[in-house]
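A plain account is enough.

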Amino acid sequence: MSRVPDENRFSDGPRLPRRALLRSGALAVTGVAGAGCLATSTDGDTDATDADDFPEPTYGDPDREYRLTATVGEIDVGGGQTVETWLYNGRYPGPEIRAVEGDRVRVTVENGLPESTSVHWHGMALDGENAMDGVPGVTQPPIEPDEEFVYEFDVGPIGTHWYHSHSGLQLDRGLLGPLVVEEAEPHVAFDREHTVVIDDHLAGEPHVTQSGGPGHMGGGFADGPASDGTLLDGRLPADPVVLDAEPGERVRLRFINAAGSTTYRVSVAERSMQVTHTDGPAVEPVVVDAVDIGMGERYDCIVEITAEGPFAVRAQPLDGSTPAGRALLGHPSPDGEPVDGGSSDGTAGSRALRLSDLRSVTPQPGLDGSPDRTVDLTLSAGTDADGDPAWTINGQSFPDADPLPIQEGEHVRVRITNRSPVRHPMHLHGHHFTVGDAVKDTVTVPGHMGRRTLDLVADNPGRWVFHCHHLYHMETGMIRVLTYD
Ligand code: C2O
Ligand code: CU
């Protein structure tokens, strides 16, 4: 079952002595401290750029090592189109980082870009390892050009996760890849699996725009550029990736919505899908025709191949004008056409997954009874300190925003109300939360007074950001820092 790719490992090389390794990092590490010291008190200090206040990294003895080098490069997205963008190891999506439950992983990130960078491990709990969270200005200084930073962490929870730059708009260039933690004993049987990275594609540079309306002060909402297409595993639909599958097999598809600004409805032509995991952990299997996936969310689905394919795997934007994407499940035969139509495209007669369908196999402990603290958050459009369109949480636009203090051991309830007309996929670092009966790390809050209630146990001291995963909403203020008192 284990298919850890070898191309980026340097496990056969000599192991660096630890001191040398630490010095090669971007941080001036003066010693190796116990994990307990990460519970740094912030003393009400809201200056997130105070370099002395970053948690201290700790290093141990990793089971797997990877190297990611971020550079400017060019990719072929199919259909005769190439794009100059920023890449990890010259590839898009970046190399898959794969580990097994219980492993410790070290990833050395080298910055060959013209500006500073960072890498966040989206979905990793990083228990006691806040220093590895990869949020520049909050958990570490930015990695400057020509510098390296050594990330190291125990993987978990199990399942489908991903990594991406957490600096500015770099996520919308190509600085992202899958991170899979294999479970020792899957709760469902499958014959093979594929990771499917879904992304909205920009032919040009990412930049903040204004769109929508009626916006604040007549200026519209802060948004991103219209996307030029949808990539599945880096390919436009004209020249799709072919995912191996044979008749008779159960194929697990690990869907990751890595888009900057698009929510997708994902379906497989003529096939229903059994949803088995979300945002990593396992859920009781539920059969649907389509799954809506917000930015940052992951869903694993098993598709049964009971006929000759290939079957089109489709990602249809829920709104906006972005063209749909597709991949092929099964190999085209010389005479056969792909199965592209069918009732399972999420429209007439089909059934899309609802949040209330999800029931986690392992509920989070410590959430019975009433919460110790309730935090009410209102999401809305507003303006920043300069009067430009911005996105706000309780009227404040980051970085001009207060931290959200919590205390270790508390059961925290976060009640979110969305006063804007657009969806906000809200993501919390360093914790999974319970929403309905599901354990997730990212949940989409519908527009027009949509509400979601999240419950979590404050069990991981540190500074953890909570933000909208619409990249242009985050970039224009829809982010807060959760801090442990
Ligand atoms: Cu996917 Cu703050 O991150
Ligand atoms: Cu948003």
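How are the donor residues of the copper ion (ligand 2) spaced in sequence? The spacing is H-x43-C-x4-H. This is a predicted model, in which local features need pLDDT of at least 70, side-chain atom pairs count only at pLDDT 80 or more, and totals for chains, interfaces and linings use all residues. Residues are numbered from 1 along each chain as its sequence is written, chains are lettered from A and ligands numbered from 1 in the order in which they are written, and side-chain values use heavy atoms, with hydrogens and water left out.

The protein donors are His-424 through ND1, Cys-468 through SG and His-473 through ND1, at 2.0 to 2.1 Å from the copper ion (ligand 2). Donors here are N, O and S atoms within 2.8 Å of the metal (3.2 Å for Na, K and Ca); water is not among the atoms, so sites may look incomplete.

His-424 belongs to strand S26 (residues 424-428) and Cys-468 to strand S31 (residues 463-468), so this pair ties together parts that are 44 residues apart in sequence. Strands (E, at least two residues) are DSSP runs, numbered from the N terminus. His-424 is buried, its relative accessible area being 0%, and Cys-468 is buried at 0% as well. Buried means under 20% relative accessible area (1.4 Å probe, protein chains only).

His-431 sits in the loop between S26 and strand S27 (433-435), and is buried at 5%. The side chain of His-431 makes a polar contact with that of Tyr-484 at 2.8 Å. A polar contact is a pair of N or O atoms within 3.5 Å; within protein, one must be able to donate a hydrogen and the other to accept it, and residues adjacent in sequence count only if both atoms are side-chain atoms.

Conventions:
Helices (H or I, at least four residues) and strands (E, at least two) are DSSP runs, numbered from the N terminus. Buried means under 20% relative accessible area, exposed over 50%, partly exposed in between (1.4 Å probe, protein chains only).
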